Amino acid sequence: MPRASQAATAARPTSRVRARTKTLLLDAALRLFARQGVGATAIHEIAAEAGVSNGTFYNYFRTRDEVVEAVSVRLAERLQAEITASAAAVKDAAERMAIGTRRFVLQATRDPVWAAALIRVSTSRSAALTRTAGPALHDLRLGRRQGRFTHTNEVAALDLVTGTVLAGMRSVLEGRAGEEHAASIAAFVLRALGISAAEADQLVRRPLPA
């Protein structure tokens, strides 16, 4: 076996161990944040909860804020997976888009710590959010195929959706809006994508799927 292949093979277990350890730390942080809040959770507590040393913690994260941001992205991925699963029977791209945008803004009213961390990530490490944008991109493409959406630039359309949702979440966090803001944001997004105002208002008033 060539040396390069041997080196790659030898590195694989290390990569798996690193991924497993990082998962342990994130899961531990999530449990502690849920039990006692972010502000009351110290780095050494996260390490102890995960069953690793403080030194191991610092091999993966430099600060508690980095852990909060990583946990927020992980929760965003889980929320997006839940939204995708709940909307599996919904075939209309416009209704799917309304469900997704509403759920994210509503989650900001229910978990402001998560929302604040996600907004922080969006401005400092936008690449971290790329994975969570997949379902929105899927719905944008579906909407074009169905003749529901009129956008001609996919990147600009995705920026419109993600940027508007994040701005809506920020308004909720700043106390300028409440749960009703989720429907308003979703209706605005649908109109911008080519849905009539009357239909957009009707779609965002439908009950969210369980």
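So, His 151: if you skip its neighbours within four places in sequence, His 151 is in contact with Leu 140, Arg 144, Ala 157 and Leu 193. Keep in mind that we're looking at a predicted model here. Where does His 151 sit? In the loop between helix H7, residues 134–146, and helix H8, residues 154–173. And is His 151 buried or exposed? Its relative accessibility is 12%, and the cut-off for buried is under 20%, so His 151 counts as buried.

Okay, let's step back into H7 itself, where we find Gly 143. Gly 143 has 0% relative accessibility, so that one counts as buried too. Again leaving out neighbours within four places in sequence, the contacts of Gly 143 are Ala 93, Arg 148 and Phe 149.

Now zoom out to the whole chain. As for contacts between residues at least 6 apart in sequence, 66% join residues at least 24 apart.

Next up, a pair of helices. In general, you describe two packed helices by the angle between their axes and the distance between the axes. Here I've picked H4, residues 64–86, and H5, residues 93–110: their axes come within 10 Å and cross at roughly 140 degrees. That angle is why H4 is called oblique to H5. The crossing of the two, H4 and H5, is right-handed. Which residues meet there? From H4 we have Ala 76, Leu 79, Gln 80, Glu 82, Ile 83 and Ser 86, and from H5 they meet Ile 99, Gly 100, Arg 103, Phe 104 and Gln 107. Sort the residues of that H4 and H5 contact by type and you get 5 nonpolar, 4 polar and 2 charged.

Last stop, H2, which covers residues 43–50. Its buried residues are Ile 43, Ile 46, Ala 47 and Ala 50. Those four cover an arc of only 100 degrees around the axis, so they're on the same side of H2. And the spacing? An α-helix has 3.6 residues a turn, so residues three or four places apart point the same way. Then, just after H2, you run into Gly 51, which takes a positive phi of about 80 degrees.

Terms used: Residues are numbered from 1 along each chain as its sequence is written. This is a predicted model: local features need pLDDT of at least 70, side-chain atom pairs count only at pLDDT 80 or more; totals for chains, interfaces and linings use all residues. Side-chain values use heavy atoms; hydrogens and water are left out. Axes are lines fitted to C-alpha atoms, for helices over the stretch in contact, and angles run from 0 to 180 degrees between N-to-C directions. Angles under 35 degrees count as roughly parallel, over 145 as roughly antiparallel, 65 to 115 as roughly perpendicular and the rest as oblique. A crossing is left-handed if the near helix is turned anticlockwise from the far one by less than a right angle, and right-handed if clockwise. Contact means heavy atoms within 4.5 Å. Ala, Val, Leu, Ile, Met, Phe, Trp, Tyr, Cys and Pro count as nonpolar, Asp, Glu, Lys and Arg as charged, and the others, Gly among them, as polar. Buried means under 20% relative accessible area, exposed over 50%, partly exposed in between (1.4 Å probe, protein chains only). The arc is that of the directions from the helix axis to the C-beta atoms.
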